[in-house]
Structure formats: C-alpha cells, structure tokens
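Thanks, I will keep this short.

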Amino acid sequence: MAELDVAGARCVALVGPYLSGKTSLLEAMLVAAGAISRKGNVRDGNTVGDSAPASRARQMSTELNTAHCEFMGDRWAILDCPGSIEFAQDARNALMAADIAVVVVEPDPAKASALAPTFHFLDEHQIPHLVFINKMDAALAGAEETIAALAEVSARPLMLRHLPIRDGERTTGYVDLISQRSYAYRQGDLSDVIEVPADLADERELARQDLLESLADFDDDLLEKLLEDLVPEQKDVYRDLTAGLADDRFVPVMLGAGEQQSGVFRLWKSLRHDTPHAATTAMRRGHVTGDGLCAEVFKTSSARTGKFSHARVWAGELTEGQTLGDVRLGQMYRLTGQEQEKVKAAVAGDVVALSRIEELRTGDVLNDAGRVPSPVWPRPLSPVFAMSVTPERRDDDVKLSSALARLVTDDPSYVVEHEPDTGELLLRGQGEIHLAVAADRLEEGHNVKVTLAPPRVAYKETIRKPVEQHARHKKQSGGHGQFGDVTVEISPLPRGAGFEFSSRVVGGAVPKQYIPSVETGVRNYLQEGPLGFPVVDVSVCLLDGQHHSVDSSDMAFQTAAQAAMREGMPKCGPVLLEPVFRVRIDVPGEHASKVNQVVTGRRGQLLGFDARADWPGWDSVEALLPQAGMADLIVELRSLSQGAATFEAAFDHLQELTGREAEQVVAQRTEAAQAA
C-alpha cells in the first residue's frame with residue numbers, strides 16, 4: 001500500500017486522432033521513466049493502455065486509460081485518451097483534469113483537419129498544450145508541411161521547436177532551436193548529441209530567428225533585444241516559452257517516434273520544465289480552493305465488481321474512510337492500466353480512483369461539506385447515431401433499464417430515449433463502434449445481452465380531402481344489446497395542426513354523455529390509419545346519430561366511431577408523411593462541396609452555408625433532410641472528411657412522401673404487421 005506523498009503529481013493528457021500512436025507513445029514514456037522495463041505492442045495486446053477487452057478486440061482505444069510514474073523525482077499521472085471521434089467525450093472529460101495536453105499527430109498534412117475539434121476545445125478552456133509530431137522515422141511529408149496544415153485549424157500560433165535532420169527520405173534526428181543542440185535518433189535508446197550538420201546551419205539560424213520573433217510577440221523586452229541585434233539569454237527564452245505555454249498563448253511543436261523511443265526523453269524534459277502544477281490549473285479552472293479540500297470527479301466507470309469515480313485532487317487531502325457531507329469515502333487506488341495500487345490518502349495534484357460511491361457523477365466537486373457541481377464543465381456531445389435496443393431475454397427489461405442508466409452516467413454522450421411513435425427504446429451515441437462498445441459493456445459489466453437494430457422512421461399519415469361517413473354498431477345477444485349510430489365529417493387540417501374534434505349534433509340525437517365516447521373511438525382509430533401509421537392533421541366533426549334508451553353505451557358509441565373512421569378514411573385520399581429535420585453540418589472547408597452532394601443524394605434541400613464561427617477553415621452547411629436519410633449520415637460525413645465532420649439536427653416538419661418511396665414504406669409496414 002502506497003504512503004502519502006506530499007509532493008502531489010502533475011497530470012498530462014495524451015490526445016490526438018485515431019492511429020496517431022498515443023498508446024505507443026504512452027508505452028515509450030513509461031519506459032523512459034522506468035515505470036515498465038519493456039514496451040508492449042498494440043498488435044500483441046500487451047500494452048499498459050488499451051487494456052479493456054473492447055479495446056484489445058478492436059485494437060483501438062475505446063476508453064480513457066490512466067498510468068502513473070515518476071520522472072526525475074517528479075510524480076506524474078498520464079491520461080491516455082481515445083483517439084476515435086466516437087469516444088471524444090472521455091477525452092474531453094480527461095482534459096478538464098489535466099495540467100497540460102500533448103497533441104499527438106502523424107506527419108501527414110491531409111489529416112490535419114481532424115485536429116480542429118481538439119484544438120478548439122483546448123483553446124476554449126485555455127488548456128496549455130504542445131504538439132508532438134509522431135512517427136517521424138517513417139515520415140513521407142516534412143514537419144514543415146504538417147505544421148502549415150495544422151496552423152490552418154489552430155487559433156493559437158504554432159512554434160516549431162525542433163528542426164528535423166533528414167537523410168534522404170528518412171528523419172534521423174533534430175535540432176533543438178532553443179538549446180541549439182543537435183540529436184541523432186538511436187532506436188530504443190536515448191538520442192546521441194551530434195554536431196549541427198553543416199548543410200543545416202543556415203536553416204537552423206532562420207528557424208531559430210522565427211521562433212524568437214514569435215516569442216517576442218508576447219515579450220517586449222525580447223522584442224527590443226532582437227531589434228538591437230542582441231542575443232537573448234537562454235534562461236529568458238525558456239522563461240518566455242514556459243509562461244506563454246502556461247497561458248495558452250501559443251503551441252510549441254516537437255518531433256519524435258514513440259515506437260522507436262525517439263524524442264521521448266526530450267518530451268519528458270519539456271513537460272517537466274513547462275507543465276503547470278495543480279494549484280495553477282485549479283485557478284485556471286475557476287476552483288476556489290483555500291485551505292480546504294477540493295477534488296473533482298472527471299470520469300466514472302462501472303463494472304460487475306463495482307464503480308470507480310476517477311478524481312483529481314486540486315487542494316487539501318482525501319483519506320480513506322473520510323466523510324464529506326453525504327459522501328463517505330471507501331478504498332482509493334492509483335490505476336496504471338489494469339493494475340490497482342491501493343492508497344490511504346491523496347493530496348493536491350493526485351489522480352485517484354474512488355471505489356463504490358454510487359452518488360458521485362462526472363463533474364462533481366468534493367469539498368469538506370460534501371459535493372457541489374463543477375464551476376465549469378463541458379456539456380455532453382450531442383448524439384449523431386442511434387440504434388434500437390432490446391434485451392435478448394425478456395425478463396431482463398428491468399435490469400436493462402438500470403444498466404443503461406449506469407452507461408449514461410459513465411459516458412454522458414450516450415442518450416437513452418423512448419420513441420413514442422414507434423414504441424422503440426433508442427440508444428443514441430457517437431457512431432457505430434460507440435454503440436457496439438455500449439452493447440459489449442452491457443453484457444460484460446451488467447450481464448445484459450442486447451440486440452441492436454436500426455431504428456424505424458416515425459412516419460405519419462394524413463388526408464387530402466373531406467368525407468362524410470355514417471356507421472352503426474348494433475348487436476343483440478340476449479338481455480341488453482349494443483347500439484350506437486354516428487355520422488361524422490372527416491376533414492384535412494393544415495400541416496402541423498394536429499387533431500381537432502367537434503360536435504354539431506342537435507336535438508339530442510347523440511346524448512351529451514356519449515359524445516366524449518365518440519371522440520375516444522376516433523382517437524383510438526387514429527393511432528393507425530389505412531396506411532398503417534398514426535394519423536395527424538385531421539378534423540373530425542360529429543354531425544348526427546341515433547341512440548337507444550336501453551342498448552346504447554359508451555362502448556357502443558366508441559365502436560361506432562371507430563367503424564366510421566375505418567370506412568371513411570380510405571375515401572379521404574390518405575397520404576404518407578415523413579419527418580424532416582433541420583440539420584447543421586459542420587465540416588472542414590475543403591470538404592464542403594462533398595457535403596452538398598451528400599445532402600442532395602439523400603433527398604435533402606440545401607438552405608445555405610457560412611463560415612463556422614470561431615473555427616478557422618471550417619464551414620457550416622444548413623439543410624433540410626428527411627429522417628430516412630439520416631440513419632447513417634454521420635458515417636458518410638466522417639468518411640469524406642478524415643473523421644472530422646459532425647452535425648446537429650432537430651425536427652422541423654412533416655412533408656408528404658409519394659411515389660415509389662412511399663409504396664415501399666407502406667409495403668414494408670404491411671409485411672411487418674402480417675409477420676407480427
């Protein structure tokens with residue numbers, strides 16, 4: 001059991017797109033820090049990160065991974081965030097707990113646009129961050145081209161700190177533009193210090209001058225020295241770099257290759273020198289710490305063995321068995337992959353997992369009096385993909401509800417909804433894999449096996465012309481019989497008007513006490529019209545009728561009303577209505593024309609587009625799109641935009657659907673009804 005370390009820890013988050021090599025970089029950082037003796041491999045499934053079964057099965061990060069280590073006497077918590085956009089909620093939550101972020105990217109300018117959501121989130125919350133261009137050992141493009149592409153999607157200026165040394169197509173080392181030392185990569189080991197290559201001397205001077213001029217934009221003293229052709233002192237350059245990074249004024253760029261251990265030690269040295277401590281981060285986050293306790297839950301995870309609440313301590317001390325208002329702490333752990341190290345206490349800076357505290361939620365802040373909401377916490381991502389979910393065992397209905405509630409607590413980018421028009425239970429999320437992983441977690445963590453299926457479109461139907469219809473319900477079977485007689489007028493209403501019922505009966509032809517029963521019978525019929533769908537935008541007026549003093553009843557008039565509707569509605573020119581949504585698609589500008597093709601190819605109507613506010617190089621496309629064309633919309637949008645595009649949608653109106661599409665919908669509905 002670990003003892004209390006009064007030094008606390010700093011926290012770094014590794015973020016970046018899928019396949020950028022974050023998990024491999026985490027392994028390399030742990031090796032460089034001496035926390036593990038041998039690097040694992042993603043392909044072999046033996047890494048510290050990606051240790052969950054769903055991650056191993058898919059060879060990709062599907063959840064946040066935590067690791068702890070020491071580097072040169074300092075304690076660190078490393079949060080390895082999923083790269084897939086479908087699991088971005090975990091990454092966002094982790095970034096709220098981090099002192100600094102390392103944005104891991106590939107040396108490929110074509111993939112730069114995928115970083116825009118990450119850069120925007122970091123800048124929105126003023127999170128210090130640097131870029132680590134990974135896989136430089138196999139780079140086809142130069143670092144300069146990648147940086148130029150990244151600069152198009154970053155609101156903060158990027159500063160090249162490392163100048164690559166190349167041998168033909170291979171990157172063999174780099175020049176540190178601040179220390180002015182040159183390094184040659186050695187696979188699996190620390191880099192060698194070498195002389196600056198003669199053919200790089202001029203380029204190094206120009207690149208260093210560019211770096212100093214960029215720093216001078218934020219330091220008048222440095223600017224004055226540069227104008228006077230004075231050489232600034234090294235310590236002043238480092239000071240400006242540390243201060244500007246901490247204030248999120250600019251983004252340093254470093255080079256390396258995590259799998260080869262290249263540039264990793266230098267990354268560690270930069271983090272050690274430039275990363276703010278927990279107290280500074282707490283102030284940036286708006287926490288009022290004082291002398292008391294302040295700890296924030298940034299992630300919860302549930303399994304059959306119980307629940308973990310992952311928390312960052314900003315101030316004070318958490319101890320095992322401590323009571324904070326209505327919260328009593330149990331056991332605490334430091335997690336490194338699947339390994340759990342039990343701890344008795346945690347102090348400012350520490351990242352710990354609190355065991356089995358059911359009432360804690362992501363974004364809760366623990367203080368001496370109990371728990372309060374975080375002063376600033378990002379809203380959950382809006383869902384962009386949905387599936388209907390049903391338990392494979394009928395007696396698991398109650399268990400499924402409880403398991404889904406836990407799923408949403410752990411990842412609020414999931415949304416569970418009951419669709420009243422189709423009767424389906426819908427699970428909404430960030431994509432196909434996101435929902436497939438949800439199904440895995442329901443089975444593995446809660447012993448509930450489910451079936452996922454595409455949701456049905458909530459079609460409706462209406463009528464085009466009015467009809468007057470008479471119907472009588474008469475039944476005699478000994479004793480009291482049943483008698484109800486009605487004449488109704490069925491008329492169309494304007495789109496969106498819903499349903500109206502009225503009565504123009506005179507002379508008591510239908511006694512007043514039975515008129516509500518007529519309305520009930522009409523409403524019951526409208527749940528499924530002649531095309532098989534709920535009927536809307538219809539007016540029904542009771543014109544006349546007859547009654548019997550003995551045999552008439554509420555049920556008799558309900559039945560007569562339903563018969564009138566059943567006989568009259570097919571004569572009213574029934575027509576299918578499909579739901580249409582107003583959609584805003586956000587996409588990198590170079591892909592906007594492709595989005596236009598996607599919309600029109602799905603029977604959508606383009607309304608216009610504009611530059612996306614505060615997102616350099618991005619456009620927002622407005623459109624109206626039938627719900628039938630939205631089921632896999634996010635899949636196609638991501639396919640055409642390097643995974644970057646997203647959308648938000650809201651119901652707008654119902655519109656008529658005719659022709660072949662309508663015939664197919666009605667035929668499918670008829671087949672489903674017959675099968676049922």
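This is a predicted model: local features need pLDDT of at least 70, side-chain atom pairs count only at pLDDT 80 or more; totals for chains, interfaces and linings use all residues.

Residues are numbered from 1 along each chain as its sequence is written, and side-chain values use heavy atoms, with hydrogens and water left out.

A nonpolar core here is a set of buried Ala, Val, Leu, Ile, Met, Phe, Trp, Tyr and Cys residues joined through side-chain atoms within 4.5 Å, where buried means under 20% relative accessible area with a 1.4 Å probe, protein chains only. The largest such core has 61 residues, and the members touching the most others are L79, L95, V103, V131, I133 and L150. Helix 6, residues 201-216, gives the most to this core, with 5 residues; helices are DSSP runs of H or I, at least four residues.

Take I133. Beyond its neighbours within four places in sequence, I133 is in contact (heavy atoms within 4.5 Å) with V105, E106, P107, A143, T146, I147, V253, M254, L255 and G256. There is also a second, separate core of 34 residues, which includes A438, A439, V583 and L640.

Now the cavity, meaning a set of points on a 1 Å grid over the protein atoms alone where a 1.4 Å probe fits but cannot get out. There is 1 cavity of 30 Å³ or more. The largest cavity has a volume of about 40 Å³, volume being the space filled by probe spheres set on the points.

Technical notes: Buried means under 20% relative accessible area, exposed over 50%, partly exposed in between (1.4 Å probe, protein chains only). Helices (H or I, at least four residues) and strands (E, at least two) are DSSP runs, numbered from the N terminus. On a 1 Å grid over the protein atoms alone, a cavity is a set of points where a 1.4 Å probe fits but cannot get out, and a pocket is an open set with protein on both sides within 12 Å along at least five of seven lines; lining residues have an atom within 4 Å of a point.
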